[in-house]
Amino acid sequence: MKTPKIVILGAGYGGLITSRQLEKSLSDGEAEVTLINKHDYHYISTQLHKTGAGTASDDKIALHIPNLLKTNKIHFKKGTVQNVDFGKKKVYLDSGDKIEYDYLLISLGFDVATFDIPGVEENAFKIKSFQSTKAIYNHILRQFSAYKIDADPSRLTFAVAGAGFTGIEMVGELLEALPNLCRAYDIPFSKTRIITIEACPTVLPGFDQEAIDFTTTYLKKNNVELMTSTKIRKCSPTSIDLDNGEVLPSKTLIWAAGVRGNFLLEKLNLPISRGRIPVDEFLRVKGVENVFCIGDAALCMKDEKNALPPTAQVALQQAVLCGPNMIASLRGEPLKPFMYHHKGTVASIGNKVAVGKVFGLKISGSFAALMKQVIEARYLLMLGGPSLIIKQLLKIKKPYTDVSTVSNQK
């Protein structure tokens, strides 16, 4: 009898944890599982802001995928998905390889939503991937180096678009990083500006008022300029045009103003709603045989009108169920419906301060920062057990703080 083939597209939170579930529950030889990812590393996307500011070394954020898997049960293949033929049940890669499947999981992650604002796609730095955030840090270093030559204040004006969860965490890391860079380059910290631009009336829209007030007070105390109720009209390599008529001279705009489903989804012959693929209560793509979808790529409804947000917490909970449901499907057993349980949200503002709500308890300050670390450690526990937590804690090397060349761009 032919051994069923399971193919997983994407090694983000959803794809990796589903792989771990399959490793634990599949019998030897029961299925051939292939995990396909563009890179051979998995990055911890909830810590990408640290890569962008250079407050954590690369190996704290990026983990080698083969080291995370039991290779006797999961085959990892590095490749970029070009398309999927759902009739022939084949995945096409940019290398020309064709991967057959009997059961498919789409967990391709997110892309950045720029809302067609002129200049953003070309000029803004995106918190999208490990590579894109490394580009932010390298750019910041170049601006410090160039400032020593021309003393252009726009080089040390760092604007973050979006004061939601991701934007505030990015601002917090800049608060951690810039004083150290100023010392390294012998530049007074007073020469730097951190600006957050938010279209809503407050920072952290959707958080409770206590969290908003705490964050606002903390940022102002640390001289972050808050531009709320402000929209970006356009941007260039050297300036940002705001809807209030102001033109902000800045060579650094970090975009944290929204996400959407992966652009690849639009190439697939599947229904798309709100930039994502609608799934049923079992996390299956509606109307397609043996195809599942989770994480940022999936439109999973919380109720008749509202979809679950594209967050790591949602993806992880989906993955814990998706693996067993794929196994149940190939065994001909009943599948279980997905039920999301919101456990809270914590946004870090640097390494020592955070704000949020956990199990209904409002928290802020250093205790919230500790809880944020506990949440991150819990993911490492799911991924690799206590040994991975210890291994990551022992990685204390700091990123470099110098570059020898100055970019001609921005």
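# Tour of a predicted model

Start by selecting phenylalanine 130: with a relative accessible area of 10%, phenylalanine 130 is buried. Buried means under 20% relative accessible area, exposed means over 50%, and partly exposed lies in between (1.4 Å probe, protein chains only).

This is a predicted model, in which local features need pLDDT of at least 70 and side-chain atom pairs count only at pLDDT 80 or more, while totals for chains, interfaces and linings use all residues. Residues are numbered from 1 along each chain as its sequence is written, and side-chain values use heavy atoms, with hydrogens and water left out.

**Stop 1: aromatic rings**

Rings of Phe, Tyr and Trp (its six-membered ring) pair if their centres lie within 6.5 Å; planes under 30 degrees apart count as stacked, over 60 as edge-to-face, and the rest as tilted. The count by this rule is 5 aromatic pairs. Helices (H or I, at least four residues) and strands (E, at least two) are DSSP runs, numbered from the N terminus. Tyrosine 41 is buried too, at 16% relative accessibility.

Now select phenylalanine 144 and tyrosine 185. They form a tilted aromatic pair, 5.6 Å centre to centre, with 35 degrees between the planes. Phenylalanine 144 is in helix 6, and tyrosine 185 is in the loop between helix 7 (165–184) and strand 13 (193–197), so the pair ties together parts 41 residues apart in sequence. Buried or exposed? Phenylalanine 144 counts as buried at 0% relative accessibility, and tyrosine 185 as buried at 9%.

**Stop 2: helix 6 against helix 7**

Show both helices. They pack at about 35 degrees, with axes 11 Å apart. Axes are lines fitted to C-alpha atoms, for helices over the stretch in contact, and angles run from 0 to 180 degrees between N-to-C directions. Display Tyr137, Ile140, Leu141 and Phe144 of helix 6, then Leu174, Leu178, Leu181 and Cys182 of helix 7; these make the contact. Contact means heavy atoms within 4.5 Å. The residues of this contact divide into 8 nonpolar, no polar and no charged. Here Ala, Val, Leu, Ile, Met, Phe, Trp, Tyr, Cys and Pro count as nonpolar, Asp, Glu, Lys and Arg as charged, and the others, Gly among them, as polar.

**Stop 3**

Switch to a cartoon view. Look for an open sheet of 5 strands in the order 5-2-1-9-21, with parallel pairing. Two strands pair if DSSP finds at least two bridges between them. Strand 5 (74–78) and strand 21 (291–293) stand at the edges with a single partner strand each, so one side of each has no neighbour in the sheet. From one strand to the next, the twist averages 20 degrees.

Zoom to strand 2 (residues 32–37), which pairs with strand 5 in the parallel sense over 5 bridges. Leucine 35 has phenylalanine 76 of strand 5 as its bridge partner. Next, show helix 1 (residues 13–25), which packs on the sheet and touches strand 1 (5–9), strand 2, strand 5 and strand 9 (103–106). Its direction makes about 155 degrees with that of strand 1. Helix 9 (residues 312–331) also packs on the sheet, touching strand 1, strand 9 and strand 21.

**Last stop: histidine 341**

Find histidine 341 in the loop between helix 9 and strand 23 (344–348). Leaving aside its neighbours within four places in sequence, histidine 341 is in contact with Gln313 and Gln317.
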